[in-house]
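Please keep the sequence and the model in view while reading.

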Amino acid sequence: MATHHDQSKTETVAPAFFARGLTKVYRMGEVEVHALRGIDLDLYPGEFFVLLGPSGSGKSTLLNILGGLDVPTAGTVQYLDHDLTSAGEAALTRYRREHVGFVFQFYNLIPSLTARENVSLVTEIARDPMSPEDALRLVGLGERMDHFPAQLSGGEQQRVAIARAVAKRPDVLLCDEPTGALDLKTGVVVLEALSRVNRELKTITAVITHNVSIADMADRVISIADGRVTAERRNPHKKTPQELNW
Amino acid sequence: MTALNRKLVRDLTQLKGQAVAIVLVMACGVAVFVMSVSTYRSLDGALATYYDRYHFADVFAHLKRAPNSVTGLIASIPGVAQVQSRVVVDVTLDIPGMKEPAVGRLVSIPDKPTPGLNRVHLRAGRMVEAGRRGEVIVHESFALAHGLKPGDRIPALINGRWQRLTVVGIALSPEYVYAIRPGDAFPDDKRFGVFWMAYSELAPAYDLDGAFNDLALTLLPGAIEPEVIFQIDQLTERYGSAGAYGRSDQNSHMLIDGELSQLRGMASIPPAIFLAVSAFLINVVMTRLIGLQREQIAVLKAFGYTSWEIAWHFLKFVSIFVAGGSILGVFVGAYLGRGMTDLYAQFFKLPVFDYRLQPEVVLGAVLLTAVAAVLGTLTAVRRAVVLPAAEAMRPEPPAEYRVRFLERIGIHRLLTPAGRMILRRLSRQPVRSGLTVVGIALSGAVLVLGSFVEDTVRYVFDVQFFRVQCYDVSIVFTEAGSPQSLHDAAHLPGVIRAEPFRAVAARVRFGARHKRIGITGLVRDPQLFRPLDASGRPVPIPEGGVVMSAKLAELLGVRVGETLSVEILEGERPIREVVLSGLTEDFAGLSAYMDIRAVRRMLRETDTVSGAFLTVDAARQDELYFQLKRTPRVASVTVKTAALKGFESTMAENLMRMRAINLVFASIIAFGVVYNTGRIAFAERSRELATLRVIGFTRAEVSIQLLGELAMLTVLALPVGMLCGYGLASLAVVALETENQRFPLVIEPATYAMAALVMLIATAVTGLIVRRRVDRLNLVEVLKSRG
């Protein structure tokens, strides 16, 4: 968003995301699963944010709610003036279309489309996108635009996914275990791409991971377990991806 | 092209085999629809124009003799527009080069060219000129059958005297579009021909000068036909009318109408089958595709594609199937329609009869196909639309298996592990397996439906011409003759046996219902003409009672043992109460039979005969024909086998053509269903099959897994196909039945066997195509990829 260009990360700036008492209960057959048990969370413009937690802690559920893929059972969540709590299917779709970029653990590229076409898929429906070529160059894939997913390595596929997510110039980039399926070396390249997007485009970047070392490159880290926030810390000195110890 | 459309094109390329199968099945449905509807409309349109331009009459009546003044009385009946009286007689013809005699129907036309009804359309030559002796116009069918042209001469036995008729013109008439002798089951252009002759020449020859024996009239708009017919009957009864009748009972029109209603039937059931099968195939393919692409759909949703955009994306697949099926189907349908029109043109003589493919027929076909396709896609696309994006991101949970009914009762103990895998797979998706079985079965059903007609026609032929009509030749005398006529006939050369009959027009009445029919008086234990009952046994001719067509009894609402009243429409018009003593199972017309002596008693006659059935020594038949042609008292002669042969060859050719088309269509269904089932089974199980290969199974063993499933479905489909075929054939028999035509449901074992064979061959061939994929299975790749 153009109004949040300053890089301030202090609480004096109004948060872009504002969530209070988020609760999510799934019903799986006879059993009720409490994925989230009252989470309060603020996300600030331009910040690089890491959500840490073991699998099953509820972090993916939280990300889905922030991204407008799911709605909470109780509590409120707001993005600027969008109330995501009570939004209907159409409003959520519009919200995702205009503001959100997603990166998934398994890349989720369309196998029948080339790298460039996968990115075009998003730029074609965005209001002010960058060109697919620029987006791919941003993640260092300017040379492999016409390759199909099957012809790319895992790291390359994930970078195509990042290019696809950022090409629409989203206000928020939500990444669910973006390096979960990658080895260290390729993981670093992917994280560098994310870091560069955050730096250059000032996109709020939320990364969820169970990999503690990734937390060191964040502005702010929240740990959750069993659907509750267990810790929050701020990194005075962010590490670069290359400095991370896996 | 947008990225999403590129995805569409590439997905379609992946699916091309299945897409082709769907398009072919759809095209079959469209083709049958377009063929039958466009042919129907071409024929119906040509007929309507012809009837209108050449003033085809609405009501007809044949009588013995009425003075011309009666015409005026009839014209004054409310609702009558125009009346034409004429003379119509059947005569024996001696065609050069043909041993047996032919029957000519002479129809009078007014001397002065007046704008009358049932106008003839000259194809060659000129109209007859009054005052020139022996001039006739001949119907084109007969002219073509004998290569007649203006100037040719034909000897005809006119009221007992041989006379040479000179052909001056060749023509068509709306009254004889289908030129067939009343009572005949099929046209015989060599032995029956229509001729037009000047009234001033024909009437005096039959002592009908200033009189007529046949009527045709048109009705005013809004006139009530039964009302007018009732009034005409009142007026003409005393002139020996056998009852007026409307177009629906007019021979030529009735038979064409039967064809038209068959075309209408053809436009409904078969296309519905094909479109239902294609809808099913689309459903299976799209469900599979959407299941495979759930993660892709989730991504699209996550990035803000709306549900409608996603639904539209998948509907585009379907539009491509519809487009492909429609285009192919319309072309094939138009081609077949043209062929069918040409075929009809051989039988139906119309001045202008062109095949026309109307745009609205094409539009209708496309719409029908689109509706079927969208119905087939709906549930699958709905799944894509309602798929929650967050959930779809996770891979589909593994297929759920459990021990089901069949295994609980212990069937699995009889099976090998491979057999158990197949059984569990099939029973896990009972609806899909069931529909697949029905799909394959429908291919067999289409074959049975297409082929049973031949069985039925052959059965009707056999019954009618060999079991009911045991005679070789039937002759009709000019007037109800004396015992001497029969005696003479029995002593003609080569005649082995002669049995008399006395035919008379009558009105039978039961309660409020009545019907005008012909009653045939037969000898008590007839050998040469034996009406049969439903179980194929000869019905005894009762001494006092009457035996009638089951259909006639049904129309009258009378049961065996009940008494009905019979009014003879000849002579003193006696009315008698008669017991219905038996029913005959016949296939054409409405008939009634009585003891010939009972008929004579009612008529207060002693030994009269209308005609005779003869069996003939084949070695002496030429001699017999020669004599018959020279017997003045014989009005017409029908030679059974000669007529039969001519038609059989035409029919065999047409049935063969129909059978070939059916075979192609049924094979396409079988191929479409089996191929799709095989491909999907392969796709769903490629990991499983690859695993089996990795742990040491041979290609053959793995193939058995896949082909065993197809084989089991096909085996299940065989009886279902027979049953569906039987059901559809029963429906068709009911749909085709009219008052005048009935088709028994006859399906020969050979027809079932052929249907089963085609199903098995189509399955086997398709199975082998799918098997090639097993051979090419890349073990490493399959095991690496997710899902």
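The secondary structure of chain B comes to 23 helices and 20 strands, where helices (H or I, at least four residues) and strands (E, at least two) are DSSP runs, numbered from the N terminus. This is a predicted model, in which local features need pLDDT of at least 70 and side-chain atom pairs count only at pLDDT 80 or more, while totals for chains, interfaces and linings use all residues. Residues are numbered from 1 along each chain as its sequence is written, and chains are lettered from A and ligands numbered from 1 in the order in which they are written.

Along the principal axes, the C-alpha atoms of chain B fill a box of roughly 100 × 55 × 50 Å. Of its 787 residues, 45% count as buried; a residue is buried if 20 or more other C-beta atoms lie within 10 Å of its own, exposed if 12 or fewer, and partly exposed in between, with C-beta atoms placed from the backbone. Among the contacts in chain B with a separation of 6 or more, 84% involve residues 24 or more positions apart. Two residues are in contact if their C-beta atoms, placed from the backbone, lie within 7 Å.

Arg119(B) lies in the loop between β4 (102-109) and β5 (121-125) of chain B. Arg119(B) counts as buried because 20 other C-beta atoms lie within 10 Å. Apart from its neighbours within four places in sequence, Arg119(B) is in contact with Tyr54(B) and His55(B).

Helix α6 (residues 225-236) of chain B has twelve residues and reaches 16 Å from its first C-alpha to its last, close to the 16 Å expected at 1.5 Å a residue; the expected span is 1.5 Å times one less than the number of residues. Within α6(B), Val228(B), Ile229(B), Ile232(B) and Thr236(B) are buried. These residues are on the same side of α6(B) because they cover an arc of only 100 degrees around the axis, the arc being that of the directions from the helix axis to the C-beta atoms. The buried residues of α6(B) pack against β1 (59-67), α3 (69-75), β2 (80-86), β10 (211-219) and β11 (245-246) of chain B. On the face turned away from the buried side, α6(B) carries the exposed residues Pro226(B) and Gln234(B).

Chain A contains an open sheet of six strands in the order β6-β7-β8-β3-β9-β10, with mixed pairing; two strands pair if DSSP finds at least two bridges between them. Its edge strands, β6 (100-103) and β10 (228-234) of chain A, each pair on one side only. β6(A) and β7 (residues 172-176) of chain A run parallel and are joined by four bridges. In β7(A), Leu174(A) is the bridge partner of Phe102(A). Helix α5 (residues 154-166) of chain A packs on the sheet, touching β6 and β7 of chain A, and its direction makes about 170 degrees with that of β6(A); axes are lines fitted to C-alpha atoms, for helices over the stretch in contact, and angles run from 0 to 180 degrees between N-to-C directions. α5(A) is mostly covered, with twelve of its 13 residues buried.

The two chains also meet: 19 residues of chain A are in contact with 18 residues of chain B. On the side of chain A that touches chain B, α3(A) gives the largest share, four residues.
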